[in-house]
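This briefing covers selected local features of one protein chain. The sequence and the structure are shown below, and the points after them are grouped by topic.

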Amino acid sequence: MAGNSFGKLFTLTSYGESHGPALGGVIDGCPAGIELDLEAIQQELDRRKPGQSSIVTQRKEPDTVKFYSGIFEGKTTGMSIGFVIENTNQKSHDYTHIKDSYRPSHADYVYDKKYGFRDYRGGGRSSARETACRVVAGAIAKQMIKGVEIIAYVSGVGTLKISKPYTELDLTQIESNIVRCPDADMAAKMETYIKQVRGKGDTVGGIVSCVIKNVPVGLGEPVFDKLHAELGKAMLSINAVKGFEYGSGFEGSTMFGSQHNDAFNNDGTTKTNFSGGIQGGISNGMDIYFNVAFKPVATLIQKYETIDKEGNSVEMQGKGRHDPCVVPRAVPIVEAMAALVIADFWLQNKVAHL
């Protein structure tokens, strides 16, 4: 299977399955001498881990990361950074009912057709559990690009959405509630709604918004490796993501150029930021901001019709521990993937100027 690595200079190769012994990864390209806060890396994993609140999957995993190479006396050595996150709370029997059947809108069918064989336990490699590896790499990337601030939050759950732009929100309040929404009133409504959806054995989607501050001018390349194109690829590689928009996004298509153009100030900053901090595929120093749309989780804890390997219609009901809405746990994943992209382009600029 190809496609297990991300990045050009700062790269992550991940491995492992949802119900295997462990997940892990190898990070290459991290410069030597970077002092790492290992507790901060673990804190990022704790934000993503299952069982952290009443509105997420109740699988209990400590998600403790262990580093085996590339770090000595708290600093990076410049060598490959190898790490492992052990799986400790698998309940593989919860998935025996899908061994010969396919969950609608899941990866079950396409994996079986592509490879002729699949690990049906929790979705195997297609499980969002793989994203724990991304969070580790992203946490290291964040510490490499000191000064750049990456903040993601939940801005929508189903039809419930924050109407204010990020500039009018108190982003210090993101971690003050289990939804990770910086608007307290909306967070309470979202939490109630997610619990109602879960009670019906159903799931619901949502939106994670992200802002990247203090980005230097000049990250990104002008043709195929545009900064926004790589951010889009990074976000769309996350499980359950169905959409990505940056800057004015789709709303920009309804505007006139006279409205949409970002006029310059004398210092090179712009009076508005419909461009979302990126022009011609290159960062311009303004805030980069974007939205990531997540679909409802495919596994439902209710009866539904599907097919088995022979094409026969069968009735199925989801079992096990699943998220009724993924967006609260997706916040650190979005931040991690954004950090990997920024760190990779930051390194490319360093190499270009040697």
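Which backbone oxygen does the side chain of T203 reach? It is the backbone oxygen of V297, at 2.7 Å. The model is predicted, and the values below are computed from it.

**T203**

- T203 sits in the loop that runs between α4 (184-199) and β11 (206-213).
- With a relative accessibility of 12%, T203 counts as buried, because the cut-off for buried is under 20%.
- Leaving aside residues up to four places away in sequence, T203 touches V197, P296, V297, T299, L300, D323 and P324.

**Helix α1**

- Helix α1 spans residues 38-48. At its start, a side-chain oxygen of D37 comes to within 3.1 Å of the backbone nitrogen of E39.
- The buried residues in α1 are I41, Q42, E44, L45, R47 and R48.
- An α-helix has 3.6 residues a turn, so residues three or four places apart point the same way.
- The cover over the buried residues of α1 includes the strands β4 (65-67) and β7 (81-86) as well as the helices α3 (131-144) and α7 (327-352).

**R48**

- R48 belongs to helix α1. An unreviewed UniProt entry lists R48 under "binding site".
- R48 has a relative accessibility of 2% and therefore counts as buried.
- Not counting residues up to four places away in sequence, R48 is in contact with D63, A128, R129, T131, A132, V135, R329, P332 and I333.
- For A128, the side chain of R48 reaches the backbone oxygen at 3.5 Å.

- D63, one of the residues touched by R48, has a phi near 50°, which is a positive value in a residue other than glycine.
- D63 lies in the loop between α1 and β4. Its relative accessible area is 0%, so D63 is buried.
- E73 also has a positive phi, near 55°, and is a residue other than glycine.
- E73 is placed in the loop between β5 (71-72) and β6 (75-76). The relative accessible area of E73 is 69%, so E73 is exposed.

**Second largest pocket**

- The second largest pocket has a volume of about 650 Å³.
- Its lining is made up of 29 residues, and P165, S209, E245, Y289 and N291 lie nearest the centre.
- Strands β9 (149-157), β11, β12 (241-246) and β15 (288-294) each contribute at least two residues to the lining of this pocket.
- β15 supplies five residues, the largest share of the lining.
- By class, the lining of the second largest pocket divides into 16 nonpolar, nine polar and four charged residues.

**Cavity**

- The structure has one cavity of 30 Å³ or more. The space in the largest cavity is about 40 Å³.
- The largest cavity is lined by A107, D108, Y111, R118, D119, G123 and S126.
- Of the residues lining the largest cavity, two are nonpolar, two are polar and three are charged.

Key. Residues are numbered from 1 along each chain as its sequence is written. This is a predicted model: local features need pLDDT of at least 70, side-chain atom pairs count only at pLDDT 80 or more; totals for chains, interfaces and linings use all residues. Side-chain values use heavy atoms; hydrogens and water are left out. UniProt positions are given in the numbering used here, feature names are shortened, and annotations may be inferred rather than shown by experiment. Helices (H or I, at least four residues) and strands (E, at least two) are DSSP runs, numbered from the N terminus. Buried means under 20% relative accessible area, exposed over 50%, partly exposed in between (1.4 Å probe, protein chains only). Contact means heavy atoms within 4.5 Å. A polar contact is a pair of N or O atoms within 3.5 Å; within protein, one must be able to donate a hydrogen and the other to accept it, and residues adjacent in sequence count only if both atoms are side-chain atoms. On a 1 Å grid over the protein atoms alone, a cavity is a set of points where a 1.4 Å probe fits but cannot get out, and a pocket is an open set with protein on both sides within 12 Å along at least five of seven lines; lining residues have an atom within 4 Å of a point. Grid points are joined across faces, edges and corners, and a volume is the space filled by probe spheres set on the points. Ala, Val, Leu, Ile, Met, Phe, Trp, Tyr, Cys and Pro count as nonpolar, Asp, Glu, Lys and Arg as charged, and the others, Gly among them, as polar.
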